[in-house]
Amino acid sequence: MSDGHPKQNALVGFSDEWMRRSMETVFQEKGYQVTRTASGKEALQLARSGRFDVIVLDERIEQLVAVDVCIALRDDPLFDHATPIVIVSSAHSTLPSRSAAYAAGAWEYCHQPVDVDALFLKLATFLRARRELAEHQSKSLMDPASGLYTDFGLHQLAEQLEARAVRNHEPFACLAFASVTGEGETQTNRDTARTSFRDLAHAVREQARRSDVIAKRGESRLAVLAPGTDAAGARHLVARLQRELGDSAKGSKGSAVRLRAGYCAVSDLAAAKLEVTELVHRAESALAHVAGTDRDAVLSFDDLAGGESRL
């Protein structure tokens, strides 16, 4: 694109090889990076990765037709629903087929030969709205997809909680979490890793107190602000989470979601003379220190020089 924004990524899914290559060329000429597929099932798997700005699908793509792909994505809470999906029909559109496409969640429905100029004018509008939404959400307290606090919300509440804790000489703890499946977090099991993170977020909500602040950090980490909590309380929270995740795995007979955690806790925030955001940074530093291990682990920032403390 030539508007100063980073290059956009397009997923192009067509069963017909000539159409795949043709649409790839069209999008590349408009400045897109293109990923091609001939399978509806593969298109669905790729779309769930969350790294595409536009998805263009052949109405009758093999293995899983475009409308069914749209329905699956529409019902996926982890899919970025601000991503425009375009369905292309090989025949002139009819009212029933057009209605079905829009009802399934498509943003645009067109037929061959594609009016390229009109399509890219609409995509430019869609993507501008998507950028504006992202900018707005970056300044929102809550992440609408996960229901957790954003980084912005975390920092806003940190200031409020810090003022009260300093005034009352209260203990304070910050914890950072990441989930690990038995298969490992790799590109080939991205869906498993996303499900693992969702299970972790649910467990943290169940075990945290009402006064705790739970925030999503990046795509796979959580941070918790725990006012009135010392180091022992932080370790108890991690232990409860490990039991919760273990019990959930036994109940569902699925692979266990293992927990990695880092924390930093002080007995008196005023005496420690630390900002809450610094406690968050230290907790995430401890988490990063155990991120390379092959088992669940918890580490206090204070123990970084003395080795890992495992629960």
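Analyst: Start with a definition: a residue is buried when its relative accessible area is under 20%, exposed when over 50%, and partly exposed in between. The model here is predicted.

User: Why is Arg209 called partly exposed?

Analyst: Arg209 has a relative accessibility of 34%.

User: What makes the pair Asp212 and Arg209 a salt bridge?

Analyst: The N to O distance between their side chains is 2.6 Å. A salt bridge needs a side-chain nitrogen of Lys or Arg within 4 Å of a carboxyl oxygen of Asp or Glu, so the pair of Asp212 and Arg209 qualifies. The structure holds 10 salt bridges.

User: How do you know that Asp58 has no salt bridge?

Analyst: The nearest side chain of opposite charge is that of Arg60, 7.2 Å away. Asp58 lies in strand β3 (residues 54–58). Leaving aside neighbours within four places in sequence, Asp58 is in contact with Gly13, Phe14, Ser15, Ala66 and Val88.

User: Why are helices α6 and α10 called oblique to each other?

Analyst: Helix α6 (residues 151–168) and helix α10 (residues 276–290) pack at about 120 degrees, their axes 9 Å apart. Roughly perpendicular runs from 65 to 115 degrees and roughly antiparallel starts over 145, so α6 and α10 are oblique. On the α6 side, Leu154, His155, Ala158 and Glu162 meet Val276, Thr277 and Val280 of α10. These contact residues comprise four nonpolar, two polar and one charged.

User: What separates Glu278 and Arg282, which meet in a salt bridge?

Analyst: About one helical turn, because Glu278 and Arg282 are four residues apart in α10. Their N to O distance is 3.0 Å. Glu278 is partly exposed at 28% relative accessible area, and Arg282 is partly exposed at 21%.

User: What makes the pair Glu284 and Arg217 a link between distant parts of the chain?

Analyst: The closest N and O atoms of Glu284 and Arg217 are 2.8 Å apart, in a salt bridge. Glu284 is in helix α10 and Arg217 in strand β7 (residues 213–217), 67 residues apart. Both Glu284 and Arg217 are buried. Salt bridges link Asp151, Arg217, Arg221 and Glu284 in a network.

Conventions
Residues numbered from 1 in each chain as written. Predicted model: local features only at pLDDT ≥ 70, side-chain atom pairs only at ≥ 80, totals over all residues. Heavy atoms only, no water. Helix = DSSP H or I, 4+ residues; strand = E, 2+ residues; numbered from the N terminus. Buried < 20%, exposed > 50% of the residue type's maximum accessible area, 1.4 Å probe, protein only. Lys, Arg positive; Asp, Glu negative; His and termini not counted. Contact = heavy atoms within 4.5 Å. Axes fitted to C-alpha atoms, helices over the stretch in contact; angles between N-to-C directions. Parallel < 35°, antiparallel > 145°, perpendicular 65-115°, else oblique. Nonpolar A, V, L, I, M, F, W, Y, C, P; charged D, E, K, R; others polar.
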